[in-house]
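Here are my notes on the model you sent. Please read them with the structure open.

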Amino acid sequence: MATFVLVPGGWHGSWSFEAVVPLLERAGHTVHALTLTGLRSDDGIATVATANLDTHADDVLRLLDRDHLTDVTLVGHSYGGMVIAAAADRAEGRVSRLVHLDAYVPRDGESCWSLTTEPYREAFAAGAAATGYAVRPPDGGDPRRRPHPLASFLQEVRLTGRHAQVPRREFVYCSGWEDRTPFTELRTRLQADPEWQVHDLPTGHDAMHEDPEAVASLLLTP
């Protein structure tokens, strides 16, 4: 049986995978869905203000250490792709599969800020204007979303190349929002890379909510 660690995207918590977790568990797998530092309901201002990409990679690594996890599948949605890449690079071989679910796939020195499109950079800046350290959630959407630590969007990832030794690496492109997605060029690049498997889902960005069965089926594919 597999062990899945699910990492949410910006503004979201473990609840973003609430419809997928039981489907994986019903199939007999172990599932850990994370809420990253700065996104928890009891996190204070200092915690939110100081959390960055390294903090979030450490959240994953602490879980691996605490529960003695090996042969792990890391799943990252959206911004969570930055986190799983950084964590896999530091996980000393304990990760066997990476799934970037409509998520950023960084190279060394890149950041969520540098990888996204100009409209999203403008939204990040506008969303952080009130505090200078946390980006408020975009209008609409789930009321459980919380302001996201700005530093985690801005920090450049440092990768040694060990993440590229993960045996199975996959990118899931959600094609139902092609008028706004920042991932079109990324899909093209990864489709040309024989070390990556690229999948398409005909959903919007939050595939876990729109079609949790399809997401679970993809994750359960041997």
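1. Helix H4 is followed by Glu92, whose phi is positive, near 55 degrees. Glu92 is not a glycine. Its place is the loop between H4 and S4. With a relative accessible area of 71%, Glu92 is exposed (exposed means over 50% relative accessible area, buried under 20%, partly exposed in between, with a 1.4 Å probe and protein chains only). Helices (H or I, at least four residues) and strands (E, at least two) are DSSP runs, numbered from the N terminus.

2. A word on the source. This is a predicted model, in which local features need pLDDT of at least 70 and side-chain atom pairs count only at pLDDT 80 or more, while totals for chains, interfaces and linings use all residues. Residues are numbered from 1 along each chain as its sequence is written, and side-chain values use heavy atoms, with hydrogens and water left out.

3. Helix H4 itself spans residues 80-90 and is mostly covered, with ten of its eleven residues buried. Among them are Gly80, Met82, Val83, Ile84 and Asp89. What covers these buried residues? The cover includes strands S1 (3-7), S3 (72-77) and S4 (95-101), together with helices H3 (53-66) and H5 (112-115). Contact here means heavy atoms within 4.5 Å.

4. Trp11 also has a positive phi, about 75 degrees, although it is not a glycine. Trp11 is found in the loop between S1 and helix H1 (21-26). Is Trp11 buried or exposed? At 15% relative accessibility, Trp11 counts as buried.

5. Trp11 leads on to the largest pocket. About 630 Å³ of space lies in that pocket. It is lined by 32 residues, and the closest to its centre are Trp11, His12, Tyr120, Pro138 and His205. Helix H6 (residues 118-127) gives the most to this lining, five residues. By class, the lining has 15 nonpolar, eleven polar and six charged residues.

6. The pocket terms need their cut-offs. On a 1 Å grid over the protein atoms alone, a pocket is an open set of points where a 1.4 Å probe fits, with protein on both sides within 12 Å along at least five of seven lines; lining residues have an atom within 4 Å of a point. Grid points are joined across faces, edges and corners, and a volume is the space filled by probe spheres set on the points. Ala, Val, Leu, Ile, Met, Phe, Trp, Tyr, Cys and Pro count as nonpolar, Asp, Glu, Lys and Arg as charged, and the others, Gly among them, as polar.

7. The second largest pocket has a volume of about 260 Å³. Of its 13 lining residues, Leu115, Pro182, Phe183, Glu185 and Leu186 lie nearest the centre. Helix H8 (residues 184-191) supplies the largest share of the lining, four residues.

8. Asp71 sits in the loop between H3 and S3. Asp71 is exposed, at 52% relative accessible area. Not counting residues up to four places away in sequence, Asp71 touches Thr3, Arg94 and Ser96.

9. Overall, the chain has ten helices and eight strands. Its radius of gyration is 16 Å, close to the 17 Å that the globule rule gives for 222 residues, so the chain is as compact as a globular protein of that length (taken over C-alpha atoms; the rule is 2.2 Å times the number of residues to the power 0.38). Of the 222 residues, 54% count as buried.
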